[in-house]
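Reader: I'd like to walk through a two-chain model and learn how to read its features. Can you take me through it step by step?

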Amino acid sequence: MNGWTLAGTSFLASAVEAVEAMTIVLAVGVTRSWSVALRGAAFALLVLALLVAIFGPLLRLVPIDQLKLVVGIVLILFGLAWLRKAILRYSGRKALRDEDAAFARQVSALRAAEDVQADRIGLVTSFKAVLIEGLEVAVIVVTFGAASTAALGWSAAGAAAAVLLVVLAGIALKQPASRVPENTMKFVVGVMLTSFGTFWTGEGLGIQWFGADLSLLILAAFYLAVSGLLIATARAPRTVRA
Amino acid sequence: MSIAAIWEFIAGDSRRAPVAVALAVAVAFVLLRSSVSSTIVAVAFAGVIALGLAAAVFERT
């Protein structure tokens, strides 16, 4: 499996989740204090790193065919959920995520908190945001890493690079990253996860893929085409019968 | 954390998508045991998943 593809998919998935988490961490930092916001985020990142470090190598103790089947199914389910959400947003059936509005909501909630409790609430808010948004990425990194130690390294490196980039951007801008094309990234990740999942589940079942790893590209092109068709169909105005 | 919450974390809020994935796995399993060529099984497998995506997009949740 191409390491760059794994790293790229993991990078995009992590970037999407990191942008969402960063919005909340920024809100805590601006409203309360940066020390509280960063401590909460650091604890959560530590928990996530531990999960990847423990479950990544553990998964490789399972026989490879059964592992591919289970990991593949999880990736397809993850991929379809991301893809569905992105298609619904593109077609206008679901509102696009608004980082500015999420930031404003969080700031007003934190300002409403009593001063005595506010730091504790800020710490927990920051911790929960990074943990919840990061958990999905941790599962993706661990499942990608199930293939080999090298694959775990590639996917973890992709995730780490994305988190670093988003954190640096957050520090530099000190405002929510509302211009990031979040839905497009979600869409691409959805296509990639569904393709990887289909490929691995198929291998686990015993399918001999045409052109081996090359069929991943064919699968990605297929799901991309189907998704494009679904966006166009879902967008089309429905005729109402009298 | 309840099982329902874990399930929603993995599969999202669609009911149709997981059913389609289960169906795709079952179809591929049966076809492979019936000595159908791998290419046809692969097409059927990806096709059922794509149909599941379509069903999920038009699902009311």
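Reader: Before we go on, what ground rules apply?

Author: This is a predicted model: local features need pLDDT of at least 70 and side-chain atom pairs pLDDT 80 or more, while totals for chains, interfaces and linings use all residues. Residues are numbered from 1 along each chain as its sequence is written, and chains are lettered from A and ligands numbered from 1 in the order in which they are written.

Reader: Where is confidence lowest and where is it highest in chain A?

Author: pLDDT is the predictor's confidence in each residue, from 0 to 100. Where it is low, the predicted coordinates should not be read in detail. Chain A averages 84, and 93% of the residues score at least 70. Its lowest stretch is helix α4 (residues 99-112), with a mean of 77, and its highest is helix α8 (residues 215-235), at 94.

Reader: Which residues are buried in α2(A)?

Author: Buried means that 20 or more other C-beta atoms lie within 10 Å of a residue's own; 12 or fewer is exposed, in between is partly exposed, and C-beta atoms are placed from the backbone. In α2(A), the buried residues include A:A37, A:G40, A:A41, A:A44 and A:L48.

Reader: And how many residues are in the largest nonpolar core?

Author: Such a core is a set of buried Ala, Val, Leu, Ile, Met, Phe, Trp, Tyr and Cys residues joined through C-beta atoms within 7 Å. The largest one has 92 residues, and A:V25 and B:L53 have the most contacts inside it. Helix α1 (residues 3-31) of chain A gives the largest share, 16 residues. Two residues are in contact if their C-beta atoms, placed from the backbone, lie within 7 Å. Leaving aside neighbours within four places in sequence, A:V25 touches A:A37, A:A41, A:S126, A:A129 and A:V130.

Reader: What pattern does chain B follow?

Author: Chain B reads α-α-α along the sequence, with 3 helices and 0 strands. For overall shape, the radius of gyration is taken over C-alpha atoms, and the globule rule is 2.2 Å times the number of residues to the power 0.38. A compact globule of 61 residues would come out near 10 Å, but chain B has 14 Å. Its C-alpha trace spans about 40 × 25 × 10 Å along the principal axes. Of its residues, 31% count as buried, and α1(B) has 0 buried among its 9.

Reader: How many residues of chain B are in contact with chain A?

Author: 24 residues of chain B contact 27 residues of chain A. α3(B) supplies the largest share of chain B's side, 13 residues. By class, that side has 19 nonpolar, 5 polar and no charged residues. Ala, Val, Leu, Ile, Met, Phe, Trp, Tyr, Cys and Pro count as nonpolar, Asp, Glu, Lys and Arg as charged, and the others, Gly among them, as polar.

Reader: What about phi at B:S35?

Author: Most residues other than glycine have a negative phi. B:S35 is not a glycine, yet its phi is positive, about 60 degrees. B:S35 sits in the loop between α2 (16-33) and α3 (38-57) of chain B, and is exposed, with 6 other C-beta atoms within 10 Å.

Key. Helix = DSSP H or I, 4+ residues; strand = E, 2+ residues; numbered from the N terminus.
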